Amino acid sequence: MSVERVFGVDSRVQVSPKTSPPYKWICFLQVSFGRESFIGTGFAINMPLINRKMIVTSGHLVFNRSYANAMRVTFPGEAPVQVTRDDLWAPPEYVNSHDQNYDYGLILLPGQSDEGFGWSTLIPDDELHHRLVSICGFPGDKEENTMWISGGRIESSDQHLLYYEIDTMAGMSGSPVYTWHKGYWTVVGIHRCCQSGPSNQANRLLSSMIFTMLGKAGGPKKFALESEAFPNVYMRCNASGFTAPSGSGGGEINCQYGPPSEWETFYFCPVEVAPSLAPQSRESYVVALRNVFWNMTWVRMDSQGMDRPAGPGGGQVNCQHASTEAKRWEAFTIKAQERGVSFQSLQWPNIYIRMDGGSVHQFTGSGGGVVNCQYYNSPYDVKSWECFTCHEQN
């Protein structure tokens with residue numbers, strides 16, 4: 001199914017034992033497409049706000065002219081799990097046209113579990129270039145169900161793929177490509193083999209990929225954000241006329257009086273999550289907020305140089321078009337507060353979404369009030385104007 005290669009001297013090393021993190025999150029796949037059978041690799045990721053265990057792998061292990069009619073998933077030290085067709089998914093771009101930029105797939109296992117790798121869609125190109133990464137999986141040229149690891153540097157990247165000269169062989173398609181990031185092993189790509197050119201390749205983890213996968217897994221969850229300071233006042237999005245990405249963003253984020261509609265409802269799309277072994281802290285995961293009514297719209301923040309608290313707030317909170325991937329300007333760490341939660345910008349670490357709904361006492365077609373930024377030296381100083389209750393919506 002794939003062409004993979006060793007570059008010069010084989011640098012792969014066997015992993016034994018393989019029952020400790022992160023190796024215990026990597027699974028051996030035995031896949032059947034009618035009379036054809038293959039082996040491959042998958043891995044569990046820590047995905048908040050869903051009720052299934054998510055296994056990520058290559059698209060060609062899930063779909064090869066048709067979906068696999070049988071698959072066995074074996075994690076180290078655990079009994080094999082038989083997977084049915086209904087638990088497999090590959091993106092339509094791969095199913096319909098075999099687009100290699102979309103060669104990734106999803107396996108859903110029963111039960112809820114946060115066991116799995118941390119991962120990130122937010123590491124920028126300049127930080128990925130020459131970054132050290134590891135690839136770990138189950139190569140077909142070794143004894144069956146033995147795990148092997150190799151490593152090296154990412155040589156280059158584009159919008160969809162990572163390129164590297166790291167030793168792999170058939171059977172390692174679907175392996176995690178992971179790096180040390182913020183104190184944890186963090187997945188940045190899904191190894192997929194080499195179809196052409198001198199390098200092995202991986203499909204890069206992207207916010208659009210995660211958003212689409214969540215749709216198969218029963219997510220992403222939708223929430224209306226009610227101000228803690230101004231009861232029954234919700235954050236509102238209006239992206240009318242905003243049809244393409246813009247460096248300065250566009251559209252409008254303001255307030256609306258409840259009850260909330262789809263204009264006041266946002267998908268919580270995780271874009272960076274720590275592994276399940278991480279301490280359960282307020283920094284556990286980062287989300288991008290995507291409006292439900294204006295489905296191609298992220299919430300965006302620009303601090304505009306704000307470097308101290310200001311009574312009326314400052315900076316700008318507006319929209320970014322979702323035809324571009326969510327970047328750090330559209331990413332917010334969810335911080336638990338004494339009342340509700342706050343949304344801290346990933347790009348601007350001391351800046352939080354602020355809402356002033358003091359003038360909003362009834363519904364108006366254009367909304368009202370102000371949603372902008374506020375600066376705090378510590379997350380423990382955050383006030384109610386920057387705190388929200390998240391009401392899950394159907």
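Predicted model: local features only at pLDDT ≥ 70, side-chain atom pairs only at ≥ 80, totals over all residues.
Okay, a definition to start: Ala, Val, Leu, Ile, Met, Phe, Trp, Tyr, Cys and Pro count as nonpolar, Asp, Glu, Lys and Arg as charged, and the others, Gly among them, as polar.

The structure has 1 cavity of 30 Å³ or more, and the space inside the largest cavity comes to about 50 Å³. Who lines that cavity? We have Ser120, Thr121, Leu122, Ile123 and Leu128, then Val188, and then Arg204, Leu205 and Leu206. Sort the lining of the largest cavity by class and you get 6 nonpolar, 2 polar and 1 charged residues. If you wonder how one finds such spaces, rolling a probe the size of a water molecule over the atoms shows where empty space is left.

Now on to a pocket. The second largest pocket has a volume of about 300 Å³. Its lining is made of 17 residues, and nearest the centre of the pocket you find Pro124, Asp125, Arg204, Glu325 and Lys327. By class, the lining of the second largest pocket splits into 6 nonpolar, 5 polar and 6 charged.

Let's move to the sheet I want to show you. Strands of a sheet pair through backbone hydrogen bonds, either parallel or antiparallel. Here we have 7 strands in an open sheet, with the order 6-5-2-3-4-8-7, and the pairing is antiparallel. Strand 6 (81–83) and strand 7 (88–89) sit at the edges with a single partner strand each, so one side of each has no neighbour in the sheet.

Let's walk through some of the pairs. Strand 2, residues 26–33, pairs with strand 5 in the antiparallel sense over 5 bridges.

Is it buried or exposed? Well, 5 of the 5 residues of strand 4 (residues 53–57) are buried, so the strand is largely enclosed by the rest of the structure. In a regular strand the side chains alternate between the two faces of the sheet. In strand 4, Lys53, Ile55 and Thr57 point one way while Met54 and Val56 point the other way, and all are buried.

Next, salt bridges. How many are there in the whole structure? A search turns up 12 salt bridges, and I'll show you a few.

Arg12 and Asp141 form one of them, with the closest N and O atoms 2.8 Å apart. Arg12 lies in the segment before strand 1 (13–15), and Asp141 in the loop between strand 10 (132–137) and strand 11 (147–157), so the pair ties together parts that are 129 residues apart in sequence. Arg12 is buried, at 8% relative accessible area, whereas Asp141 is partly exposed at 41%.

Another salt bridge brings Glu36 together with Arg65, the closest N and O atoms being 3.1 Å apart. Glu36 is in strand 3 (residues 36–44) and Arg65 is in the loop between helix 1 (59–62) and strand 5 (70–74), 29 residues apart. Glu36 counts as partly exposed at 36% relative accessible area, and Arg65 as exposed at 66%.

Then there's Glu272 with Lys182, which meet in a salt bridge at 2.6 Å, N to O. Glu272 belongs to strand 19 (residues 265–273) and Lys182 to the loop between strand 13 (176–181) and strand 14 (184–193), 90 residues apart. Glu272 is buried at 8% relative accessibility.

The structure holds 0 disulfides. Cys237 is buried, with a relative accessible area of 1%. For Cys269, the closest cysteine sulfur is the one in Cys390, 15 Å away and also too far for a bond. Cys269 is buried too, at 0% relative accessibility.

Conventions:
Residues numbered from 1 in each chain as written. Heavy atoms only, no water. 1 Å grid on protein atoms, 1.4 Å probe; cavity = no way out; pocket = protein on both sides within 12 Å on 5 of 7 lines; lining within 4 Å. Points joined across faces, edges and corners; volume = space filled by probe spheres on them. Salt bridge = Lys/Arg side-chain N within 4 Å of Asp/Glu carboxyl O. Helix = DSSP H or I, 4+ residues; strand = E, 2+ residues; numbered from the N terminus. Buried < 20%, exposed > 50% of the residue type's maximum accessible area, 1.4 Å probe, protein only. Disulfide = S-S within 2.5 Å. Pairing = 2+ DSSP bridges.
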